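Please read them with the structure open.

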Amino acid sequence: MPLVQLAGPTDWLGFQRATRHLIRHGRVPAEIQWATQSASPVDLFQAEDTWQASELGDHVPPVSLPAGFVALAQDVLLHDDAGRFERLYRMAWRLSRDRRLWQDPLDPGRGELEKMAHAVRREMHKMKAFVRFREVEVAPGSVRHVAWFEPAHHVVEAVAPFFVRRFTHMEWAVLTPRCCVSWHDGQLASAAGASRDSAPPADAGEALWLAYYASIFNPARLKVDMMRKEMPVRFWKNLPEATLIAPLVAGSAQRTGTMVESPGTERQRRRGHIDVPGAGAGCFPAVLEAPEATEGDALAERLLGEPATMADLAQQARRCTACPIGACATQSVWGEGPLQARLMMVGEQPGDREDLEGRPFVGPAGHLLRRAFGRLGWSRDALYLTNAVKHFKYTWRGKRRIHKTAAQQEAAACAHWLEREIGLVQPQALVAMGATAARSLLGAPVLIEANAGHWLRRADGLPVLVVHHPAALLRLPSAQQAPAFERWVAMLQQATAFVVPPVGLDTVPRAPTSQAMALST
């Protein structure tokens, strides 16, 4: 009986070559023995002849097998079952005779292989979750992170690329009884298995990890059976936190009772938080907590008083810390236009270009707005342009700063600046471009799709025309942008009377009548 010897327990290439060769020569599964180079001498002597899979070469034509079986076989090959090669070859032999067998999910041979593959995938997942690195000094001033793990299947080399991606800039090694892998100088290497004596000792950072693990343990949500299922007991001996499990479980009932009997904590309303790019450089903390809701108003009263000019107001806004957006922005972006302008157009917040130049509507959205002015015959010098939020809020995507919508609390912190701005300009009407602008002007949520093109009224009586923000048009598919622009211009057309006075009349235009205007809530 021929014996096929593979180079190792995970020799996928050798198994492929041997399978093609055996099927092409009509060797039925019952006639073949399989072994690896670690096979005992008895197995070798019992075989009539031995085939080295590595010596078969690639000259044998491939065998057509279902792609699903090939993918499954790669996982099954990593199983610890010594009979996995026979099972895989038996299934390959059957499929080479009738590919339709793979369409039968109740086939016993396929069921066995899927169970084995599932066990391998689960073991790979557990290795990613339960490997714990410890610092080991390999030379004076040189540290390597070493972990000890005991897998149930041959998954170490298959999982190694995960650790390469996760810890690319770290020198590390994972030692196991089956196989060892290491990452050094940008090279991934594998070696033979190691003994338990090679496991690294506890390092200085382990106490910190144990303190963190104990602090996040929630006794009220403890489910011991589920914990043992997700963290099998066989892994505990190599997990530093396993020493805490027994005492934490034993004291969970008492801790839960203490939590129930303790008085509740009073909820504090906060303005929210934003992610600060560049936090790792030591410029800002990773998350900045905003002050209480009343602090922004108190700060405004201290800073503002009654500014005499728009320049004074803009200068005071630069020192505002009522919300954390200003800590990230290059500068505050104030409005531009003539005082006593009859129409004030309010956007949502500055963009990247506006943040860098310190002027409103100079980016792509501003370019689209100027196109609309040209179509409408409006003079830019007759309008006052500003934003509800005075700083650029963004998130990093690679090296680019991507606009991020200001939170409701952050817009509310800027509301007093906008109101003071309106008080100095004293417009006859307002245009709210976008949901943030509409909410800041009207003091209540406004659905843009439902109210676009309609006049609403503020509490002080000023009419507000609600339209989409020009940036919303730029985000549409190319085929939809042109018709959307025409509809948008038609909406803005309603405010023309506040920009171009009727010929022969010196009076200011009248606001839309109550019959033509919906009332804001």
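1. Overall make-up. The protein contains 19 helices and 18 strands. This is a predicted model. Its chain runs to 521 residues, and 44% of them count as buried. Among contacts with a separation of 6 or more, 71% join residues 24 or more positions apart.

2. The structure holds 22 aromatic pairs. Take Trp 34 and Phe 85 as one of them. Their ring centres are 6.2 Å apart and their planes meet at 25 degrees; planes under 30 degrees apart count as stacked, so this pair is stacked. Which parts does the pair tie together? Trp 34 belongs to strand β2 (residues 33-36), while Phe 85 belongs to helix α4 (residues 84-97), so the pair links parts that are 51 residues apart in sequence.

3. Burial of that pair. Are Trp 34 and Phe 85 buried or exposed? Trp 34 has a relative accessible area of 9%, and the cut-off for buried is under 20%, so Trp 34 is buried. Phe 85 is also buried, with a relative accessible area of 3%.

4. A tilted pair. Trp 209 and Tyr 212 also form an aromatic pair. Their centres lie 5.8 Å apart, with 35 degrees between the planes, and the pair is tilted. Both sit in helix α7 (residues 206-216), three residues apart, so about one helical turn separates them. Trp 209 is partly exposed, at 28% relative accessibility. Tyr 212 is partly exposed as well, with a relative accessible area of 47%.

5. Charges over rings. Two lysines are worth a look. Lys 128 lies over the face of Phe 162, at 5.1 Å from the ring centre. Lys 390 places its charged end over the ring of Trp 334, 4.8 Å from the centre of that ring.

6. Packing of α3 and α4. Two packed helices are described by the angle between their axes and the distance between the axes. Helix α3 (residues 67-76) and α4 have axes that come within 10 Å and cross at roughly 170 degrees. Angles over 145 degrees count as roughly antiparallel, so α3 and α4 are roughly antiparallel to each other.

7. Side chains between α3 and α4. Which residues meet there? From α3 come Phe 69, Ala 73 and Val 76. From α4 come Arg 84, Leu 88, Met 91, Ala 92 and Leu 95. The contact divides into seven nonpolar residues, no polar and one charged.

8. Positive phi at two non-glycine residues. Asp 185 is not a glycine, yet its phi is positive, at about 55 degrees. Asp 185 lies in the loop between β7 (179-184) and β8 (187-192). Asp 185 is exposed, with a relative accessible area of 58%. Gln 426 likewise has a positive phi of about 55 degrees without being a glycine. Gln 426 lies in the loop between α15 and β15 (429-433). Gln 426 is partly exposed, at 47% relative accessibility.

9. Ala 412 is in helix α15 (residues 408-425). Ala 412 is partly exposed, with a relative accessible area of 40%. How far is Ala 412 from Ser 440 in sequence and in space? The two are 28 residues apart in sequence and 7.0 Å apart in space, C-alpha to C-alpha.

10. Gly 337 and its surroundings. Gly 337 is in the loop between α12 (310-317) and β11 (343-347). Gly 337 counts as partly exposed, at 39% relative accessibility. From Gly 337 to Ala 382 is 45 residues in sequence and 7.1 Å in space, C-alpha to C-alpha. Leaving aside residues up to four places away in sequence, Gly 337 touches Arg 380, Leu 383 and Tyr 384.

Methods
Residues are numbered from 1 along each chain as its sequence is written. This is a predicted model: local features need pLDDT of at least 70, side-chain atom pairs count only at pLDDT 80 or more; totals for chains, interfaces and linings use all residues. Side-chain values use heavy atoms; hydrogens and water are left out. Rings of Phe, Tyr and Trp (its six-membered ring) pair if their centres lie within 6.5 Å; planes under 30 degrees apart count as stacked, over 60 as edge-to-face and the rest as tilted. Helices (H or I, at least four residues) and strands (E, at least two) are DSSP runs, numbered from the N terminus. Buried means under 20% relative accessible area, exposed over 50%, partly exposed in between (1.4 Å probe, protein chains only). A charge sits over a ring if NZ of Lys or CZ of Arg is within 6 Å of the ring centre and within 35 degrees of the ring normal. Axes are lines fitted to C-alpha atoms, for helices over the stretch in contact, and angles run from 0 to 180 degrees between N-to-C directions. Angles under 35 degrees count as roughly parallel, over 145 as roughly antiparallel, 65 to 115 as roughly perpendicular and the rest as oblique. Contact means heavy atoms within 4.5 Å. Ala, Val, Leu, Ile, Met, Phe, Trp, Tyr, Cys and Pro count as nonpolar, Asp, Glu, Lys and Arg as charged, and the others, Gly among them, as polar.
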